[in-house]
Amino acid sequence: MEADRVVIFDTTLRDGEQSPGASLNTAEKVEIAHALELLKVDVIEAGFPITSPDDFEAVNQVSKDLRDTTVCGLARAVEKDIVAAAEALEPARKPRIHVFLATSAIHREHKLHKAKSEIIRLAVEGVTLAKSFVEDVEFSPEDASRTEPDFLAEVVAAVVDAGATTVNIPDTVGYAVPEPFAELIRYLLENVGNIGKTIISVHCHNDLGLAVPNSLAAVKAGARQVECTINGLGERAGNAALEEIVMTLKTRCDYFGARTGVVTNRLVPTSRLVSALTGLTVQRNKAIVGENAFAHEAGIHQDGMLKERTTYEIMNPEDVGAKATTLVLGKHSGRHALRARLEEMGFTFASEQLDDLFIRFKALADKKKEVYDEDLAAMMEELLAAAPDLFELVSFQISSGNELVPTATVRIRMQESGEVQCDAATGDGPVDAIYNCISRITGIEATLLEYRIRAVTVGRDAQGEVTLRVVSDGVTANGRAVSTDILEASTLAYVRAINRIAAGSHKGGSATS
Ligand SMILES: [Zn+2]
(Lines give C-alpha, C1' and ligand atoms only; values in the text may rest on other atoms or scores of the structure.)
Protein backbone atom coordinates (compact mmCIF):
# COMPACT_ATOMS: atom_id res chain seq x y z
CA MET A 1 0.00 0.00 0.00
CA GLU A 2 1.20 3.51 -0.78
CA ALA A 3 2.66 5.43 2.13
CA ASP A 4 0.11 8.26 1.97
CA ARG A 5 -2.95 6.01 2.01
CA VAL A 6 -5.05 6.04 5.19
CA VAL A 7 -7.26 3.00 5.81
CA ILE A 8 -10.79 3.94 6.83
CA PHE A 9 -12.11 1.43 9.35
CA ASP A 10 -15.80 2.01 9.93
CA THR A 11 -17.23 0.80 13.22
CA THR A 12 -20.75 2.24 12.91
CA LEU A 13 -22.22 -1.25 13.16
CA ARG A 14 -20.22 -2.19 16.27
CA ASP A 15 -19.17 0.80 18.37
CA GLY A 16 -21.84 3.03 16.79
CA GLU A 17 -24.51 0.49 17.51
CA GLN A 18 -23.51 0.66 21.18
CA SER A 19 -24.88 4.23 21.25
CA PRO A 20 -27.68 4.41 23.77
CA GLY A 21 -30.90 4.20 21.78
CA ALA A 22 -29.37 2.96 18.54
CA SER A 23 -30.11 -0.72 18.27
CA LEU A 24 -30.34 -2.07 14.74
CA ASN A 25 -31.74 -5.36 13.52
CA THR A 26 -29.80 -7.55 11.11
CA ALA A 27 -31.63 -6.30 8.00
CA GLU A 28 -30.85 -2.71 8.98
CA LYS A 29 -27.20 -3.55 9.61
CA VAL A 30 -26.92 -5.21 6.22
CA GLU A 31 -28.49 -2.15 4.57
CA ILE A 32 -25.92 0.11 6.23
CA ALA A 33 -23.10 -2.28 5.30
CA HIS A 34 -24.12 -2.01 1.64
CA ALA A 35 -24.10 1.78 1.87
CA LEU A 36 -20.64 1.66 3.47
CA GLU A 37 -19.38 -0.50 0.64
CA LEU A 38 -20.69 2.05 -1.87
CA LEU A 39 -18.91 4.72 0.15
CA LYS A 40 -15.77 2.61 -0.28
CA VAL A 41 -14.59 2.41 3.28
CA ASP A 42 -11.80 -0.16 3.58
CA VAL A 43 -12.94 -2.15 6.62
CA ILE A 44 -16.38 -2.61 8.19
CA GLU A 45 -16.49 -3.80 11.78
CA ALA A 46 -19.88 -5.48 11.67
CA GLY A 47 -20.23 -6.59 15.28
CA PHE A 48 -18.95 -8.49 18.30
CA PRO A 49 -20.12 -12.06 17.54
CA ILE A 50 -19.80 -13.61 21.01
CA THR A 51 -22.07 -11.04 22.70
CA SER A 52 -25.39 -12.16 21.23
CA PRO A 53 -26.92 -14.32 18.51
CA ASP A 54 -28.01 -11.06 16.83
CA ASP A 55 -24.44 -9.80 16.64
CA PHE A 56 -23.23 -13.14 15.33
CA GLU A 57 -25.92 -13.18 12.66
CA ALA A 58 -25.19 -9.60 11.60
CA VAL A 59 -21.46 -10.30 11.12
CA ASN A 60 -22.28 -13.50 9.29
CA GLN A 61 -24.84 -11.88 6.98
CA VAL A 62 -22.61 -8.90 6.18
CA SER A 63 -19.77 -11.36 5.45
CA LYS A 64 -21.97 -13.16 2.94
CA ASP A 65 -23.18 -10.00 1.24
CA LEU A 66 -20.12 -7.81 0.74
CA ARG A 67 -17.75 -8.17 -2.18
CA ASP A 68 -14.88 -5.73 -1.90
CA THR A 69 -14.75 -4.54 1.66
CA THR A 70 -12.91 -6.25 4.52
CA VAL A 71 -15.39 -7.44 7.14
CA CYS A 72 -14.22 -7.45 10.72
CA GLY A 73 -15.52 -9.11 13.89
CA LEU A 74 -14.49 -8.08 17.40
CA ALA A 75 -13.26 -10.52 20.07
CA ARG A 76 -11.76 -10.33 23.52
CA ALA A 77 -8.42 -12.14 23.81
CA VAL A 78 -10.18 -15.34 24.85
CA GLU A 79 -10.66 -18.52 22.90
CA LYS A 80 -14.47 -18.63 22.71
CA ASP A 81 -14.66 -15.02 21.44
CA ILE A 82 -12.08 -15.59 18.74
CA VAL A 83 -13.67 -18.86 17.63
CA ALA A 84 -17.10 -17.18 17.44
CA ALA A 85 -15.64 -14.31 15.38
CA ALA A 86 -13.93 -16.77 13.02
CA GLU A 87 -17.18 -18.71 12.57
CA ALA A 88 -19.24 -15.59 11.92
CA LEU A 89 -16.65 -14.36 9.38
CA GLU A 90 -16.40 -17.70 7.62
CA PRO A 91 -18.21 -16.60 4.40
CA ALA A 92 -16.31 -13.28 4.10
CA ARG A 93 -14.11 -12.72 1.05
CA LYS A 94 -11.82 -10.55 3.15
CA PRO A 95 -12.19 -11.44 6.83
CA ARG A 96 -10.45 -9.67 9.72
CA ILE A 97 -10.49 -10.65 13.39
CA HIS A 98 -10.03 -7.78 15.85
CA VAL A 99 -8.72 -8.94 19.22
CA PHE A 100 -8.60 -6.59 22.20
CA LEU A 101 -7.19 -6.70 25.71
CA ALA A 102 -6.78 -3.89 28.23
CA THR A 103 -3.23 -2.81 29.00
CA SER A 104 -3.44 0.26 31.27
CA ALA A 105 -2.54 -0.03 34.96
CA ILE A 106 -6.06 0.88 36.04
CA HIS A 107 -7.60 -1.86 33.88
CA ARG A 108 -4.87 -4.40 34.75
CA GLU A 109 -5.34 -3.90 38.46
CA HIS A 110 -9.08 -3.26 38.81
CA LYS A 111 -10.63 -5.15 35.94
CA LEU A 112 -8.31 -7.96 34.94
CA HIS A 113 -6.20 -8.49 38.11
CA LYS A 114 -3.24 -9.47 35.98
CA ALA A 115 0.47 -8.65 35.92
CA LYS A 116 2.19 -7.13 32.87
CA SER A 117 3.81 -10.42 31.79
CA GLU A 118 0.43 -12.14 31.94
CA ILE A 119 -1.12 -9.43 29.74
CA ILE A 120 1.56 -9.91 27.09
CA ARG A 121 1.11 -13.67 27.17
CA LEU A 122 -2.68 -13.41 26.70
CA ALA A 123 -2.35 -10.84 23.91
CA VAL A 124 0.11 -13.03 22.02
CA GLU A 125 -2.04 -16.12 22.51
CA GLY A 126 -5.10 -14.26 21.25
CA VAL A 127 -3.37 -12.99 18.14
CA THR A 128 -1.82 -16.40 17.45
CA LEU A 129 -5.20 -18.11 17.70
CA ALA A 130 -6.88 -15.50 15.47
CA LYS A 131 -4.01 -15.91 13.00
CA SER A 132 -4.80 -19.64 12.77
CA PHE A 133 -8.17 -18.68 11.22
CA VAL A 134 -7.43 -15.57 9.14
CA GLU A 135 -4.42 -13.76 7.73
CA ASP A 136 -5.70 -10.29 8.62
CA VAL A 137 -5.56 -9.79 12.40
CA GLU A 138 -5.90 -6.55 14.31
CA PHE A 139 -4.95 -6.12 17.94
CA SER A 140 -6.12 -3.34 20.28
CA PRO A 141 -4.53 -2.69 23.66
CA GLU A 142 -7.66 -1.28 25.30
CA ASP A 143 -7.13 2.03 27.13
CA ALA A 144 -3.80 2.43 25.30
CA SER A 145 -3.73 6.20 25.79
CA ARG A 146 -3.50 5.67 29.58
CA THR A 147 -0.99 2.80 29.35
CA GLU A 148 2.68 3.40 30.30
CA PRO A 149 4.35 4.04 26.89
CA ASP A 150 7.24 1.64 27.49
CA PHE A 151 4.88 -1.19 28.40
CA LEU A 152 2.64 -0.31 25.45
CA ALA A 153 5.69 -0.57 23.15
CA GLU A 154 6.46 -4.00 24.62
CA VAL A 155 2.89 -5.21 23.98
CA VAL A 156 2.90 -3.85 20.42
CA ALA A 157 6.22 -5.52 19.60
CA ALA A 158 4.95 -8.84 20.97
CA VAL A 159 1.69 -8.84 19.01
CA VAL A 160 3.44 -7.79 15.80
CA ASP A 161 5.78 -10.74 16.26
CA ALA A 162 2.72 -12.94 16.70
CA GLY A 163 1.43 -11.73 13.35
CA ALA A 164 -0.89 -8.75 14.00
CA THR A 165 -1.18 -6.93 10.67
CA THR A 166 -2.78 -3.86 12.26
CA VAL A 167 -2.20 -2.53 15.78
CA ASN A 168 -4.85 -0.14 16.98
CA ILE A 169 -4.17 2.44 19.68
CA PRO A 170 -7.52 3.27 21.26
CA ASP A 171 -8.27 6.27 23.39
CA THR A 172 -11.02 4.20 24.97
CA VAL A 173 -12.15 6.77 27.52
CA GLY A 174 -11.68 9.92 25.42
CA TYR A 175 -8.92 11.25 27.68
CA ALA A 176 -6.25 12.08 25.09
CA VAL A 177 -5.41 15.51 23.68
CA PRO A 178 -3.88 15.95 20.23
CA GLU A 179 -0.20 16.76 20.79
CA PRO A 180 0.65 14.13 23.44
CA PHE A 181 -1.45 11.56 21.54
CA ALA A 182 0.53 12.24 18.36
CA GLU A 183 3.68 12.02 20.48
CA LEU A 184 2.62 8.53 21.65
CA ILE A 185 2.18 7.39 18.04
CA ARG A 186 5.59 8.81 17.14
CA TYR A 187 7.12 7.10 20.18
CA LEU A 188 5.77 3.72 19.04
CA LEU A 189 6.95 4.25 15.47
CA GLU A 190 10.44 5.08 16.72
CA ASN A 191 10.78 2.56 19.55
CA VAL A 192 9.13 -0.63 18.37
CA GLY A 193 11.70 -2.46 16.24
CA ASN A 194 9.26 -4.48 14.10
CA ILE A 195 6.68 -1.69 13.68
CA GLY A 196 7.25 -1.64 9.92
CA LYS A 197 5.45 -4.98 9.63
CA THR A 198 2.16 -3.55 10.82
CA ILE A 199 -0.20 -0.63 10.30
CA ILE A 200 -0.73 1.68 13.25
CA SER A 201 -4.38 2.54 13.76
CA VAL A 202 -6.19 4.89 16.13
CA HIS A 203 -9.65 4.73 17.70
CA CYS A 204 -10.63 7.90 19.53
CA HIS A 205 -13.64 8.67 21.67
CA ASN A 206 -15.26 12.06 21.82
CA ASP A 207 -15.79 12.61 25.54
CA LEU A 208 -13.92 15.91 25.36
CA GLY A 209 -14.96 16.67 21.78
CA LEU A 210 -11.45 15.75 20.60
CA ALA A 211 -11.99 12.46 18.76
CA VAL A 212 -11.42 13.98 15.30
CA PRO A 213 -8.48 16.26 16.24
CA ASN A 214 -6.79 13.37 18.08
CA SER A 215 -7.23 11.03 15.12
CA LEU A 216 -5.90 13.62 12.68
CA ALA A 217 -2.90 14.43 14.88
CA ALA A 218 -2.14 10.70 14.91
CA VAL A 219 -2.33 10.56 11.09
CA LYS A 220 0.08 13.48 10.90
CA ALA A 221 2.40 11.50 13.19
CA GLY A 222 2.24 8.42 10.95
CA ALA A 223 -0.88 6.42 11.87
CA ARG A 224 -2.32 4.86 8.71
CA GLN A 225 -5.70 3.57 9.84
CA VAL A 226 -8.48 5.57 11.49
CA GLU A 227 -11.41 3.90 13.20
CA CYS A 228 -14.49 6.04 12.94
CA THR A 229 -18.27 6.03 12.57
CA ILE A 230 -20.86 7.74 10.41
CA ASN A 231 -22.21 10.83 12.20
CA GLY A 232 -19.71 10.17 15.01
CA LEU A 233 -22.02 7.61 16.61
CA GLY A 234 -20.69 5.53 19.45
CA GLU A 235 -20.66 4.90 23.15
CA ARG A 236 -21.24 7.95 25.37
CA ALA A 237 -20.20 11.04 23.36
CA GLY A 238 -19.35 8.86 20.38
CA ASN A 239 -16.37 8.16 18.13
CA ALA A 240 -14.48 10.19 15.55
CA ALA A 241 -16.90 11.18 12.77
CA LEU A 242 -15.90 9.45 9.53
CA GLU A 243 -17.14 12.31 7.35
CA GLU A 244 -15.02 14.86 9.22
CA ILE A 245 -11.86 12.73 9.07
CA VAL A 246 -12.29 12.07 5.35
CA MET A 247 -13.11 15.64 4.35
CA THR A 248 -10.33 17.15 6.47
CA LEU A 249 -7.77 14.84 4.88
CA LYS A 250 -9.13 15.75 1.46
CA THR A 251 -9.56 19.49 1.96
CA ARG A 252 -6.25 19.88 3.79
CA CYS A 253 -4.23 17.42 1.77
CA ASP A 254 -1.64 20.21 1.56
CA TYR A 255 -0.99 19.80 5.30
CA PHE A 256 -1.60 16.11 5.97
CA GLY A 257 -0.22 14.68 2.73
CA ALA A 258 -2.51 11.67 3.21
CA ARG A 259 -5.58 10.41 1.41
CA THR A 260 -8.40 7.91 1.74
CA GLY A 261 -10.27 5.82 -0.82
CA VAL A 262 -13.69 7.12 0.23
CA VAL A 263 -16.15 8.23 -2.46
CA THR A 264 -16.94 11.53 -0.79
CA ASN A 265 -20.18 12.31 -2.62
CA ARG A 266 -21.73 9.33 -0.83
CA LEU A 267 -21.11 10.91 2.60
CA VAL A 268 -24.41 12.78 2.97
CA PRO A 269 -26.62 9.96 1.63
CA THR A 270 -24.88 7.49 3.98
CA SER A 271 -25.27 9.86 6.91
CA ARG A 272 -29.00 10.22 6.19
CA LEU A 273 -29.42 6.47 5.93
CA VAL A 274 -27.68 5.83 9.25
CA SER A 275 -29.69 8.58 10.90
CA ALA A 276 -32.97 7.19 9.56
CA LEU A 277 -32.22 3.62 10.61
CA THR A 278 -30.81 4.37 14.06
CA GLY A 279 -33.36 7.08 14.82
CA LEU A 280 -30.50 9.32 16.01
CA THR A 281 -30.89 12.66 14.31
CA VAL A 282 -27.92 14.72 13.18
CA GLN A 283 -27.66 18.22 14.63
CA ARG A 284 -28.34 20.91 12.01
CA ASN A 285 -24.93 22.55 12.38
CA LYS A 286 -22.97 19.26 12.30
CA ALA A 287 -19.84 19.58 10.14
CA ILE A 288 -20.07 18.12 6.62
CA VAL A 289 -23.44 16.36 6.93
CA GLY A 290 -25.63 18.73 8.97
CA GLU A 291 -28.53 20.39 7.20
CA ASN A 292 -26.95 23.81 7.68
CA ALA A 293 -23.38 22.78 6.81
CA PHE A 294 -23.54 24.59 3.48
CA ALA A 295 -26.23 27.20 4.21
CA HIS A 296 -25.08 30.80 4.02
CA GLU A 297 -27.40 33.24 5.77
CA ALA A 298 -25.39 36.41 6.32
CA GLY A 299 -25.99 38.93 3.53
CA ILE A 300 -22.34 39.77 3.09
CA HIS A 301 -21.50 36.09 2.74
CA GLN A 302 -24.26 35.56 0.19
CA ASP A 303 -23.02 38.53 -1.81
CA GLY A 304 -19.49 37.15 -1.76
CA MET A 305 -20.70 33.69 -2.69
CA LEU A 306 -22.56 34.96 -5.72
CA LYS A 307 -19.42 36.66 -7.01
CA GLU A 308 -17.03 33.82 -6.19
CA ARG A 309 -17.93 30.68 -4.24
CA THR A 310 -14.50 30.13 -2.77
CA THR A 311 -14.72 33.42 -0.86
CA TYR A 312 -16.68 31.60 1.84
CA GLU A 313 -16.75 27.97 0.81
CA ILE A 314 -13.86 25.55 1.36
CA MET A 315 -15.70 22.53 -0.04
CA ASN A 316 -18.31 22.10 -2.74
CA PRO A 317 -21.59 20.78 -1.38
CA GLU A 318 -21.64 18.40 -4.37
CA ASP A 319 -18.36 16.85 -3.20
CA VAL A 320 -20.06 15.48 -0.10
CA GLY A 321 -23.34 14.69 -1.85
CA ALA A 322 -25.31 17.50 -0.19
CA LYS A 323 -28.25 18.85 -2.05
CA ALA A 324 -31.52 20.45 -1.05
CA THR A 325 -34.46 18.21 -0.33
CA THR A 326 -36.07 17.82 -3.68
CA LEU A 327 -39.63 17.12 -4.35
CA VAL A 328 -39.04 13.87 -6.09
CA LEU A 329 -42.04 11.68 -6.55
CA GLY A 330 -45.79 11.90 -6.58
CA LYS A 331 -48.92 9.97 -7.25
CA HIS A 332 -48.17 9.48 -10.92
CA SER A 333 -44.58 8.35 -10.57
CA GLY A 334 -43.96 4.86 -11.84
CA ARG A 335 -41.97 2.03 -10.38
CA HIS A 336 -38.87 2.85 -12.45
CA ALA A 337 -38.78 6.32 -10.94
CA LEU A 338 -39.18 4.82 -7.47
CA ARG A 339 -36.43 2.30 -7.99
CA ALA A 340 -34.05 4.89 -9.48
CA ARG A 341 -34.61 7.30 -6.59
CA LEU A 342 -34.16 4.65 -3.91
CA GLU A 343 -30.97 3.43 -5.52
CA GLU A 344 -29.65 6.96 -5.74
CA MET A 345 -30.32 7.28 -2.02
CA GLY A 346 -28.09 4.26 -1.42
CA PHE A 347 -30.70 1.61 -0.71
CA THR A 348 -30.26 -1.86 -2.12
CA PHE A 349 -33.10 -4.32 -2.42
CA ALA A 350 -34.07 -7.41 -4.33
CA SER A 351 -36.32 -7.11 -7.40
CA GLU A 352 -39.03 -9.08 -5.56
CA GLN A 353 -39.13 -6.37 -2.91
CA LEU A 354 -39.91 -3.67 -5.46
CA ASP A 355 -43.54 -4.78 -5.76
CA ASP A 356 -44.07 -4.48 -2.04
CA LEU A 357 -42.29 -1.13 -1.99
CA PHE A 358 -44.35 0.17 -4.86
CA ILE A 359 -47.59 -0.75 -3.08
CA ARG A 360 -46.41 1.07 0.03
CA PHE A 361 -45.33 4.05 -2.07
CA LYS A 362 -48.73 4.28 -3.82
CA ALA A 363 -50.56 4.14 -0.50
CA LEU A 364 -48.35 6.94 0.78
CA ALA A 365 -48.72 9.05 -2.37
CA ASP A 366 -52.49 8.75 -2.00
CA LYS A 367 -52.33 10.15 1.51
CA LYS A 368 -49.88 12.96 0.78
CA LYS A 369 -49.32 14.44 -2.64
CA GLU A 370 -45.60 15.08 -2.44
CA VAL A 371 -43.26 12.30 -1.47
CA TYR A 372 -39.84 13.50 -0.33
CA ASP A 373 -36.57 11.61 0.13
CA GLU A 374 -37.21 11.54 3.88
CA ASP A 375 -40.55 9.86 3.27
CA LEU A 376 -38.87 7.23 1.15
CA ALA A 377 -36.21 6.69 3.81
CA ALA A 378 -38.97 6.25 6.40
CA MET A 379 -40.74 3.79 4.12
CA MET A 380 -37.58 1.70 3.67
CA GLU A 381 -37.08 1.75 7.40
CA GLU A 382 -40.60 0.41 7.92
CA LEU A 383 -39.83 -2.39 5.50
CA LEU A 384 -36.55 -3.28 7.20
CA ALA A 385 -38.09 -3.14 10.67
CA ALA A 386 -40.63 -5.75 9.67
CA ALA A 387 -39.61 -8.77 11.73
CA PRO A 388 -41.57 -11.81 12.86
CA ASP A 389 -43.63 -10.43 15.71
CA LEU A 390 -45.36 -12.02 18.65
CA PHE A 391 -47.95 -9.26 18.75
CA GLU A 392 -49.43 -7.67 15.67
CA LEU A 393 -51.57 -4.58 15.78
CA VAL A 394 -54.92 -5.19 14.11
CA SER A 395 -56.68 -1.92 14.90
CA PHE A 396 -57.04 0.79 17.47
CA GLN A 397 -59.65 3.38 18.24
CA ILE A 398 -59.36 6.35 20.50
CA SER A 399 -61.76 8.85 21.96
CA SER A 400 -60.21 11.97 23.35
CA GLY A 401 -61.04 15.60 23.91
CA ASN A 402 -60.71 18.34 26.50
CA GLU A 403 -63.85 17.18 28.35
CA LEU A 404 -63.45 13.42 27.85
CA VAL A 405 -61.49 10.77 29.68
CA PRO A 406 -59.13 9.52 26.98
CA THR A 407 -60.16 5.95 26.23
CA ALA A 408 -58.50 3.51 23.84
CA THR A 409 -59.72 0.26 22.37
CA VAL A 410 -57.00 -1.90 20.83
CA ARG A 411 -57.12 -5.20 18.99
CA ILE A 412 -53.97 -7.28 18.78
CA ARG A 413 -53.35 -10.59 17.06
CA MET A 414 -51.35 -13.03 19.16
CA GLN A 415 -48.99 -14.67 16.68
CA GLU A 416 -48.70 -17.99 18.53
CA SER A 417 -52.40 -18.76 18.83
CA GLY A 418 -53.59 -16.63 15.91
CA GLU A 419 -56.43 -15.25 18.01
CA VAL A 420 -57.26 -11.56 18.16
CA GLN A 421 -57.57 -10.08 21.62
CA CYS A 422 -59.44 -6.87 22.31
CA ASP A 423 -59.40 -4.66 25.38
CA ALA A 424 -60.01 -1.06 26.43
CA ALA A 425 -58.23 1.26 28.84
CA THR A 426 -58.14 4.89 29.93
CA GLY A 427 -55.13 7.11 30.44
CA ASP A 428 -53.92 10.66 31.07
CA GLY A 429 -53.94 11.30 27.36
CA PRO A 430 -54.62 9.34 24.17
CA VAL A 431 -51.10 7.90 23.91
CA ASP A 432 -51.12 6.86 27.57
CA ALA A 433 -54.52 5.21 27.10
CA ILE A 434 -53.27 3.23 24.10
CA TYR A 435 -50.13 2.11 25.92
CA ASN A 436 -52.11 1.05 28.99
CA CYS A 437 -54.37 -0.95 26.77
CA ILE A 438 -51.45 -2.68 24.99
CA SER A 439 -49.97 -3.61 28.39
CA ARG A 440 -53.29 -5.17 29.43
CA ILE A 441 -53.43 -7.29 26.28
CA THR A 442 -49.80 -8.36 26.07
CA GLY A 443 -49.21 -8.67 29.80
CA ILE A 444 -45.95 -6.74 29.38
CA GLU A 445 -45.65 -3.76 31.72
CA ALA A 446 -43.09 -1.37 30.34
CA THR A 447 -41.88 2.05 31.45
CA LEU A 448 -41.43 4.66 28.76
CA LEU A 449 -37.91 6.08 29.03
CA GLU A 450 -38.02 8.29 25.98
CA TYR A 451 -40.70 9.39 23.54
CA ARG A 452 -40.00 11.70 20.63
CA ILE A 453 -42.17 12.81 17.79
CA ARG A 454 -41.13 14.81 14.76
CA ALA A 455 -42.40 15.69 11.34
CA VAL A 456 -40.42 13.82 8.68
CA THR A 457 -40.76 16.66 6.16
CA VAL A 458 -42.38 20.09 5.94
CA GLY A 459 -46.11 20.67 5.53
CA ARG A 460 -49.24 19.90 7.54
CA ASP A 461 -49.67 16.59 5.73
CA ALA A 462 -46.12 15.56 6.69
CA GLN A 463 -45.65 12.11 8.16
CA GLY A 464 -45.02 11.91 11.88
CA GLU A 465 -42.15 9.79 13.14
CA VAL A 466 -42.29 8.43 16.66
CA THR A 467 -39.12 7.13 18.30
CA LEU A 468 -39.34 5.67 21.76
CA ARG A 469 -37.45 3.57 24.26
CA VAL A 470 -39.01 1.39 26.92
CA VAL A 471 -37.71 -0.74 29.78
CA SER A 472 -39.34 -3.82 31.23
CA ASP A 473 -37.67 -6.00 33.89
CA GLY A 474 -34.31 -4.43 33.12
CA VAL A 475 -34.57 -5.09 29.39
CA THR A 476 -34.62 -1.99 27.18
CA ALA A 477 -35.87 -1.82 23.62
CA ASN A 478 -36.48 0.80 20.99
CA GLY A 479 -39.44 1.26 18.70
CA ARG A 480 -39.86 3.54 15.71
CA ALA A 481 -42.73 4.04 13.34
CA VAL A 482 -43.88 6.53 10.75
CA SER A 483 -47.41 7.41 9.69
CA THR A 484 -49.45 10.36 8.52
CA ASP A 485 -51.42 9.75 11.74
CA ILE A 486 -49.28 10.42 14.82
CA LEU A 487 -51.41 8.21 17.06
CA GLU A 488 -50.95 5.34 14.65
CA ALA A 489 -47.19 5.98 14.61
CA SER A 490 -47.20 6.08 18.43
CA THR A 491 -49.10 2.79 18.61
CA LEU A 492 -46.95 0.97 16.06
CA ALA A 493 -43.70 2.18 17.65
CA TYR A 494 -44.86 0.91 21.04
CA VAL A 495 -45.96 -2.47 19.68
CA ARG A 496 -42.55 -2.82 18.01
CA ALA A 497 -40.72 -2.07 21.24
CA ILE A 498 -42.91 -4.55 23.12
CA ASN A 499 -42.15 -7.18 20.48
CA ARG A 500 -38.45 -6.59 20.96
CA ILE A 501 -38.87 -6.91 24.72
CA ALA A 502 -40.82 -10.14 24.25
CA ALA A 503 -38.19 -11.51 21.87
CA GLY A 504 -35.46 -10.56 24.33
CA SER A 505 -33.53 -8.97 21.48
CA HIS A 506 -32.25 -6.22 23.68
CA LYS A 507 -28.80 -4.77 23.51
CA GLY A 508 -26.42 -7.03 25.35
CA GLY A 509 -22.69 -7.26 25.53
CA SER A 510 -20.05 -5.43 27.44
CA ALA A 511 -18.53 -2.04 26.95
CA THR A 512 -15.41 -2.25 24.87
CA SER A 513 -12.63 -0.34 23.18
ZN1 LIG B 1 -14.83 2.53 21.07
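Q: In this predicted model, what makes the pairing of the Asn168 and Ser201 side chains a polar contact?
A: The two side chains come to 2.7 Å. A polar contact needs a pair of N or O atoms within 3.5 Å, one able to donate a hydrogen and the other to accept it. The Asn168–Ser201 pair therefore counts as a polar contact.

Q: Why is the link between the side chains of Asn168 and Glu227 also called a polar contact?
A: Its value is 3.5 Å. The cut-off reads within 3.5 Å, so the pair is counted.

Q: Why is Asn168 called buried?
A: Its relative accessibility is 0%. Buried means under 20%, so Asn168 qualifies.

Q: Where does Asn168 sit, and which residues does Asn168 touch?
A: Asn168 lies in strand S6, residues 166-171. Leaving aside residues up to four places away in sequence, Asn168 touches His98, Glu138, Phe139, Ser140, Pro141, Ser201, Val202, His203 and Glu227.

Q: How far is Asn168 from Phe391?
A: They are 223 residues apart in sequence and 44 Å apart in space, C-alpha to C-alpha.

Q: How do you know that strands S12 and S13 pair?
A: Seven bridges join S12 (residues 407-414) to S13. Pairing takes at least two bridges, so these strands pair. They run antiparallel. Val410 stands opposite Asp423 in S13.

Q: What is the strand order in this open sheet, and what makes S11 and S13 edge strands?
A: Three strands form the sheet, in the order S11-S12-S13, with antiparallel pairing. Strand S11 (391-399) and strand S13 (420-426) each pair on one side only. The twist averages 20° from one strand to the next.

Methods:
Residues numbered from 1 in each chain as written. Predicted model: local features only at pLDDT ≥ 70, side-chain atom pairs only at ≥ 80, totals over all residues. Heavy atoms only, no water. Helix = DSSP H or I, 4+ residues; strand = E, 2+ residues; numbered from the N terminus. Axes fitted to C-alpha atoms, helices over the stretch in contact; angles between N-to-C directions. Buried < 20%, exposed > 50% of the residue type's maximum accessible area, 1.4 Å probe, protein only. Contact = heavy atoms within 4.5 Å.
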